Amino acid sequence: MDEKSSSSSHHRLLIVLLMVMLFGVIMVQYVCPSRSECQALHRLGSWFNSGKATGTRVGDSELPDGFQKDPYIAEDGAMARFVPRFNFTKEDLNRVVDFNIKGDDVIVFLHIQKTGGTTFGRHLVRNIQLERPCECHAGQKKCTCFRPGKKETWLFSRFSTGWSCGLHADWTELTSCVPSRMDSREAPRSLPRNYYYITILRDPVSRYLSEWRHVQRGATWKASLHVCDGRSPTLSELPSCYSGDDWSGCSLQEFMDCPYNLANNRQTRMLADLSLVGCYNVSTMSEEERWEVLLESAKRNLRGMAFFGLTEYQRKTQYLFERTFNLEFIAPFTQLNGTRASSVEVPPETQRRIRQLNRWDVELYEYARDLFLQRFQLARQQERRQARERRQQERRRLRGGLRTNQGRQLKPTETPRPTNSRSVVTEERRREKPAEDSVASEVPLPDWWDLDENSTLEDYLDNVEQW
């Protein structure tokens, strides 16, 4: 009897310890969601979760209920439950364009420095499944991206047309330059081309540090034209931060101290219409007013773009591009967290100074991230709903075929089993509501999709306003 009670006590103690351990893991994820802040605790939580999962594993990419694991949840550390901060219109969120690669449509890539644009640009020319793939040859910087059956390009980018409008041309330059450049490259046409502008944004602090390291190694962008309202800025309008051939070896302090450094708020400036503030003539209005106008212009242009991605969300960027243009990449994008900028040890006070220097980029990025994740969330909800509707249609089709086969198997001499009036009514009601029966018979979707809350675009927008 003593042995049994002792064994029971041990079992209870073991259960209590396991529950405490599980509670601790949950608290770690809640209190310390960032891996960079609590690496040791997260490693412990990951070890515990992996050990726990080995006993209930169904497959490498399958959940216990038979659903496929979502590849977009954990690859970038984004929260499964995203709470929007900004209200956007249906047109802003439901971004799908009727891109016709065989017609007159052209994708224009606005490449902002140190946002991962080089990698994305290579994806565009080497990694898209096309009827006529781009022709890229070893030793050549540019590829030929022609439409099927035509000698006309469908892509205006660094790796297809080169820096035709200047090195890292901005929104102001591209919108005034691209149409004339395309007309000079190809035969004029009666109908105008459709231009779809795209870009990639990056966390402002990481981007700023990456640009500093790039400049420190001797890189310059002297070939940039900065054309606005038909002319480049004068030296007095855009002074240089260094006197030599380059700024190699500059310290981070020197980089931050230059008041003319174009790295400051680069993303806001490159996405805005500079003609609204007198281009590079800063005497037309106060600095605060100038940047407020530029920020609103950058937000407006970003909303109107056919597509934009974020460096920190590679797989989501791939997904939204594919969905927007109805094109598919051959190989999946890879989330690379190890960059030269990430290897720089920057004190907290220096990070605060960088954020202050890039305050407009910080605000723009938060706005862009909110819009990006809202678009992604809506697109995934629509995709899940469409998949559910297809499953319902398939079940109805199979049930209809089964009834037909049963009717054919009934012999003429046989009579159907008598039924009472209540069963007839029940059968009629069931036939009147096949969709509801199908939904009820389905395995519930993961709760973070909120398909019941957001079954339509209008429902989703209403919920966004309530959040």
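Student: What is the secondary structure of the protein chain?

Tutor: Please bear in mind that this is a predicted model. Its protein chain comes to 15 helices and four strands. Of its 467 residues, 42% count as buried.

Student: What share of the contacts between residues at least 6 apart in sequence joins residues at least 24 apart?

Tutor: In this protein chain the share is 73%.

Student: How should I read the packing of two helices, for instance H6 and H11?

Tutor: Two packed helices are described by the angle between their axes and by the distance between those axes. Here helix H6, residues 204-216, packs against helix H11, residues 348-357, at an angle of about 100 degrees. Their axes are 9 Å apart. Angles of 65 to 115 degrees count as roughly perpendicular, and H6 and H11 are therefore roughly perpendicular to each other.

Student: Which residues meet where H6 and H11 are in contact?

Tutor: H6 contributes Val 205, Tyr 208 and Leu 209, while H11 contributes Ile 354, Arg 355 and Leu 357. By class, this contact has five nonpolar residues, one charged residue and no polar residues.

Student: Is H10 mostly covered or mostly uncovered?

Tutor: Helix H10 is mostly covered, since 10 of its 12 residues are buried. Among the buried residues are Gln 314, Tyr 319, Leu 320, Phe 321 and Phe 325. The helix runs over residues 314-325 and reaches 17 Å from its first C-alpha to its last, close to the 16 Å expected. Asn 326 follows H10 and has a positive phi, near 55 degrees.

Student: How many salt bridges does a search of the whole structure find?

Tutor: The search finds 17 salt bridges. One of these joins the side chains of Glu 211 and Arg 266, at 2.8 Å from N to O. Glu 211 lies in helix H6 and Arg 266 in helix H8, so the pair ties together parts that are 55 residues apart in sequence. Both Glu 211 and Arg 266 are buried.

Student: Which residue forms a salt bridge with Lys 299?

Tutor: The partner of Lys 299 is Glu 363, with the closest N and O atoms 3.6 Å apart. Lys 299 belongs to helix H9 and Glu 363 to helix H12, residues 359-409, so this pair ties together parts that are 64 residues apart in sequence. Lys 299 is buried, with a relative accessible area of 8%, whereas Glu 363 counts as partly exposed at 38%.

Student: Which residues are linked in a network of salt bridges?

Tutor: The network links Asp 104, Arg 147, Glu 152, Asp 183, Glu 186, Arg 189 and Arg 193. Elsewhere, the side chains of Arg 231 and Glu 237 meet in a salt bridge at 2.9 Å, N to O. Arg 231 is partly exposed, with a relative accessible area of 43%.

Student: Why does Thr 161 count as buried?

Tutor: A residue counts as buried when its relative accessible area is under 20%. Thr 161 has 4% relative accessibility and therefore counts as buried. This residue lies in the loop between strand S2 and helix H5. Leaving out residues up to four places away in sequence, Thr 161 touches Lys 142, Thr 153, Leu 155, Phe 156 and Arg 185.

Student: Where is His 123 found, and which residues does His 123 contact beyond its neighbours within four places in sequence?

Tutor: His 123 is found in helix H4, residues 117-126. The residues in contact with His 123 are Ile 128, Phe 329 and Phe 333. At 15% relative accessibility, His 123 counts as buried.

Student: What separates the C-alpha atoms of Gln 374 and Asn 94?

Tutor: These C-alpha atoms are separated by 9.5 Å, although Gln 374 and Asn 94 are 280 residues apart along the chain. Gln 374 lies in helix H12 and is buried, with a relative accessible area of 0%.

Terms used. Residues are numbered from 1 along each chain as its sequence is written. This is a predicted model: local features need pLDDT of at least 70, side-chain atom pairs count only at pLDDT 80 or more; totals for chains, interfaces and linings use all residues. Side-chain values use heavy atoms; hydrogens and water are left out. Axes are lines fitted to C-alpha atoms, for helices over the stretch in contact, and angles run from 0 to 180 degrees between N-to-C directions. Angles under 35 degrees count as roughly parallel, over 145 as roughly antiparallel, 65 to 115 as roughly perpendicular and the rest as oblique. Contact means heavy atoms within 4.5 Å. Ala, Val, Leu, Ile, Met, Phe, Trp, Tyr, Cys and Pro count as nonpolar, Asp, Glu, Lys and Arg as charged, and the others, Gly among them, as polar. Buried means under 20% relative accessible area, exposed over 50%, partly exposed in between (1.4 Å probe, protein chains only). A salt bridge is a side-chain nitrogen of Lys or Arg within 4 Å of a carboxyl oxygen of Asp or Glu. The expected span of a helix is 1.5 Å times one less than its number of residues.
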